[in-house]
Amino acid sequence: MTAAVPTISMSLPADEFARAFGASFERFGFAMITDHGIDPALIDEAWDKAKAFFALPEEVKRAYHISGGGGARGYTPFGTEIAKGAKEVDLKEFWHVGRDLPPGHRLAAQQPNNVWPAEVTGFRTVYDKLFAEFDRVGARLLSGIARYLGLAPDFFDDTIADGNSVMRLLHYPPVAAPAKGIRAEAHEDINTITLLLGAEEAGLEILDKDGSWLPVNPPPGAMAVNVGDMLQRLTNNRLPSTTHRVRNPDAGRAGLARYSMPFFLHFRSDYPIETLASCVDAAHPDLYPDPITADTYLQERLREIGLKA
């Protein structure tokens with residue numbers, strides 16, 4: 001019988017949700033989440049704004065590319081990002097929205113403020129609201145993980161306060177055959193957890209323990225959620241940052257664009273990622289004995305995927 005990533009409702013009682021969600025993370029590194037509470041009308045508005053931006057002329061979009069910024073904010077052109085160890089660039093372009101910090105904030109050097117496209121009316125309003133909603137849901141999800149790991153439900157609250165989270169608006173253009181590369185080559189996410197809207201369109205797959213690729217197709221309006229490398233490191237690999245990809249569409253869908261919105265929830269930049277004592281024992285020695293700050297870890301990985309020199 002083929003394994004399948006479970007679909008879990010956030011409306012379950014807190015302890016029941018934590019058990020189901022944590023078990024899915026431990027087995028697959030992924031879960032599909034329903035009843036997250038983000039207004040469908042807001043999500044629809046966000047799709048409309050994303051499509052409007054990516055339909056702009058190339059020279060207009062490139063005016064929002066920040067050279068040397070590592071793709072942290074604004075526009076990253078098609079053919080820029082490459083998965084760690086891959087030979088071909090991914091077939092995608094994207095826009096990043098982050099957390100604006102007040103002037104003089106101690107983390108401002110690591111977290112630049114946003115830029116906004118003047119050509120799309122209401123762009124900032126919609127994505128400010130959606131960022132806040134992702135932030136809210138992400139904190140609830142991490143509370144479930146804390147319960148699963150036997151930690152206080154609010155354990156992660158301080159670790160993500162003013163965190164360096166990024167919302168990515170992704171556009172995968174139609175694929176001309178034969179394509180050189182795929183929409184997103186096999187990779188793991190850098191961050192703590194990822195919340196993804198838009199995976200209903202076929203293509204997202206995870207690499208299972210037996211080497212097979214499993215499709216992840218959430219029900220309409222649901223989100224796919226996965227473990228990032230930072231949470232894997234914190235939990236001494238108990239919760240795995242699973243390899244995943246977005247394969248190219250089948251022939252009948254090749255002429256259609258694909259859009260998605262992942263929210264890469266990060267620890268705050270100065271948070272020291274240090275293995276949880278509860279995840280270390282004689283059978284599971286500490287694989288990461290040297291703590292590393294979230295920002296140092298992030299910068300290392302950005303260089304590996306071609307977003308920083």
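Tutor: A cavity is, on a 1 Å grid over the protein atoms alone, a set of points where a 1.4 Å probe fits but cannot get out. This is a predicted model, where local features need pLDDT of at least 70 and side-chain atom pairs count only at pLDDT 80 or more, while totals for chains, interfaces and linings use all residues. Residues are numbered from 1 along each chain as its sequence is written, and side-chain values use heavy atoms, with hydrogens and water left out.

Student: How many cavities of 30 Å³ or more does this rule give?

Tutor: The count is one cavity of 30 Å³ or more. The largest cavity holds about 30 Å³ of space; a volume here is the space filled by probe spheres set on the points, and grid points are joined across faces, edges and corners.

Student: What makes a residue part of the lining, and which residues line the largest cavity?

Tutor: A lining residue has an atom within 4 Å of a point. Asn164, Met230, His266, Phe267, Arg268, Ser269, Ala294, Asp295 and Leu298 line the largest cavity. Helix α7 (residues 294–304) gives the largest share of this lining, three residues. Helices are DSSP runs of H or I with at least four residues, strands are runs of E with at least two, and both are numbered from the N terminus.

Student: Which classes does the lining of the largest cavity have?

Tutor: It has four nonpolar, three polar and two charged residues. Ala, Val, Leu, Ile, Met, Phe, Trp, Tyr, Cys and Pro count as nonpolar, Asp, Glu, Lys and Arg as charged, and the others, Gly among them, as polar.

Student: Why does Asn236 count as buried?

Tutor: Buried means under 20% relative accessible area, exposed over 50%, and partly exposed in between (1.4 Å probe, protein chains only). Asn236 has 6% relative accessibility, so Asn236 counts as buried. Asn237 has 33%, so Asn237 counts as partly exposed. Asn236 is in the loop between α6 (229–234) and β11, and Asn237 is found in the loop between α6 and β11.

Student: What is the phi of Asn236, and what is the phi of Asn237?

Tutor: Phi is near 60° in Asn236 and near 70° in Asn237. Most residues other than glycine have a negative phi.

Student: Is Thr34 buried or exposed?

Tutor: Its relative accessible area is 18%, so Thr34 is buried. Thr34 is in strand β2 (residues 30–34). Contact means heavy atoms within 4.5 Å. Not counting residues up to four places away in sequence, Thr34 touches Thr7, Ile8, Ser9, Met10, Pro219 and Ala222.

Student: What makes β6 and β9 the edges of their sheet?

Tutor: Two strands pair if DSSP finds at least two bridges between them. Four strands form an open antiparallel sheet in the order β6-β11-β8-β9. β6 (184–187) and β9 (213–215) each have a single partner strand, so one side of each is left without a neighbour in the sheet.

Student: How do you know that β6 and β11 pair?

Tutor: β6 and strand β11 (residues 244–246) have two bridges, in the antiparallel sense, and the rule asks for at least two. Ala184 has Val246 in β11 as its bridge partner.

Student: What is the order of the eight strands in the open sheet?

Tutor: The order is β1-β2-β10-β7-β12-β5-β4-β3, and the pairing is mixed. The edge strands are β1 (7–9) and β3 (74–76), each pairing on one side only.

Terms used
1 Å grid on protein atoms, 1.4 Å probe; cavity = no way out; pocket = protein on both sides within 12 Å on 5 of 7 lines; lining within 4 Å.
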